[in-house]
Amino acid sequence: MRQFGIEANFQQIVSGLRRRDAQWRRQPMSLGLAADILSHPEEARHFDAFASVRGLKCDAESSLLQRVSHKPNLTVLTGKAVSGFVATGGDVTRVSGVECEDGSRHYAAAVVIAAGTLHSPRLLQSYLERTGLAQVLPSYRQVGRNYKAHVLTAMLALSHRPVTDVLCKTLLLLHDDMPHSTVQTLGGNLAEEIVRSQMPRFVPDWLAAPIAKRVYGLFLQTEDGSHPDNRVVATAQGSDRPLLDYDLARLPAAQAEHRRLVRTLQRQLLGLGYVALVRAIPLQGTAHACGTLVTGNDPATSVVDAHGKVHGMGNLYVADGSVLPRSSRANPALTIYAWGLRLASHLGSTVLAGRKAAAGFTVAHDGG
Ligand SMILES: Cc1cc2nc3c(=O)[nH]c(=O)nc-3n(C[C@H](O)[C@H](O)[C@H](O)COP(=O)(O)OP(=O)(O)OC[C@H]3O[C@@H](n4cnc5c(N)ncnc54)[C@H](O)[C@@H]3O)c2cc1C
């Protein structure tokens with residue numbers, strides 16, 4: 001991970017905002033990009049949400065899978081959807097493996113669910129219901145609850161200044177008076193592409209292009225908080241797809257802060273010579289789904305413990321964004337990775353160490 005210097009257009013916006021309002025603060029962003037990505041502007045403009053053809057971006061393929069796929073003790077199976085968990089003999093509180101949609105079964109000492117915030121609760125809920133544990137485990141009632149998505153707005157700020165920034169996502173803007181919110185840029189030339197695609201057909205390209213090149217894209221996000229009624233209704237009506245029951249009206253404080261953020265920024269940008277148009281990003285547009293199997297000490301209000309183990313289950317763990325009890329004001333991926341690394345360390349020092357000790361091996365671990 002490395003930080004990149006702020007570029008000219010964003011620098012101009014940030015300095016202007018801070019001159020008008022001392023409560024704006026800057027927080028450099030850490031990006032998993034190669035140091036020389038700016039020598040390849042096309043790659044730098046499109047790193048956000050796209051793989052890098054030249055391998056200038058860290059992603060799961062280049063940073064992990066390619067490095068470990070040759071290991072004799074690792075098998076990666078693709079194209080196999082897990083349909084459920086397999087119980088161990090008569091003890092349904094221990095799972096011995098997973099069953100896939102093609103009928104194949106795979107066994108392990110510990111099973112880690114990592115199907116994401118929408119699908120992990122579906123898999124867990126159906127196991128708990130099928131085995132009768134739903135009637136016994138208090139945490140069953142929390143499965144799927146506390147779904148979070150961030151309140152999001154895309155802002156297109158038009159001025160007379162041509163946009164020359166390439167990387168754009170160099171820092172986050174924070175505001176002391178709106179502690180659950182952040183402002184970041186839309187990556188690369190996304191704003192230009194949005195404007196060009198939204199122009200009425202009768203606008204000729206010689207007119208559309210220079211306008212689009214003067215639009216700076218900003219991405220405003222506010223933590224929506226946790227509400228138990230905002231949830232994934234995993235198997236409702238027999239569906240094998242997750243259904244959402246989510247209403248932002250259940251979180252009035254988040255709604256109010258986000259509205260204030262949008263208005264404050266629009267007003268202050270106008271003072272700097274930018275006309276800012278906004279579009280609220282709807283629930284289906286979120287990329288930051290979190291919650292639904294939240295961690296906590298009390299099985300009555302949470303689903304997994306501090307190590308990610310499902311309350312009441314012997315060896316079933318969760319390692320994805322569903323465990324997050326809050327989603328914070330920033331993007332969630334690094335927090336999810338940190339949780340996964342912590343769980344891996346825990347499993348290495350407990351489950352796997354126990355098996356190897358039984359077989360006469362010693363396992364070294366860092367105790368983290
Ligand atoms: C366009 C886009 C841009 C984003 N940009 C950022 C960003 O800049 N910064 C940031 O922090 N976050 C970003 N995010 C969010 C980030 O990608 C997610 O928060 C993160 O990937 C969630 O991780 P996860 O492990 O919880 O779930 P996922 O990454 O969704 O992983 C779940 C996996 O489980 C698989 N799966 C589901 N069901 C089954 C099943 N039954 N059997 C087997 N496998 C199954 C899925 O195919 C998927 O591969 C972005 C997301 C999107 C969509």
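**Note on the nonpolar patch and the sheet**

1. Helix α6 gives the largest share of the nonpolar patch, three residues. The model is predicted: local features need pLDDT of at least 70, side-chain atom pairs count only at pLDDT 80 or more, and totals for chains, interfaces and linings use all residues. Residues are numbered from 1 along each chain as its sequence is written, and side-chain values use heavy atoms, with hydrogens and water left out.

2. The surface patch consists of Leu158, Trp206, Leu207, Ile211, Leu270, Val275 and Leu277, with about 700 Å² of accessible area together. Two or more residues each come from α6 (205-212) and β12 (275-281). Nonpolar side chains are joined within 5 Å. Areas are Shrake-Rupley values with a 1.4 Å probe.

3. Leu207 sits in helix α6. Leu207 counts as partly exposed because its relative accessibility is 35%; the class lies between buried (under 20%) and exposed (over 50%).

4. An open antiparallel sheet has six strands, in the order β1-β7-β8-β9-β6-β12. Its edge strands, β1 (24-28) and β12, each pair on one side only. Pairing requires at least two DSSP bridges.

5. β6 (residues 151-158) pairs with β12 over seven bridges, in the antiparallel sense. Here Leu152 is opposite Ile281 of β12.

6. Helix α7 (residues 252-271) lies across β1, β6, β8, β9 and β12. It runs at about 155° to β9; angles run from 0 to 180 degrees between N-to-C directions. Contact means heavy atoms within 4.5 Å.

How values were computed: Patch = residues over 30% accessible without salt bridge, like charges linked within 9 Å, V, L, I, M, F, W, Y side chains within 5 Å. Salt bridge = Lys/Arg side-chain N within 4 Å of Asp/Glu carboxyl O. Helix = DSSP H or I, 4+ residues; strand = E, 2+ residues; numbered from the N terminus. Buried < 20%, exposed > 50% of the residue type's maximum accessible area, 1.4 Å probe, protein only.
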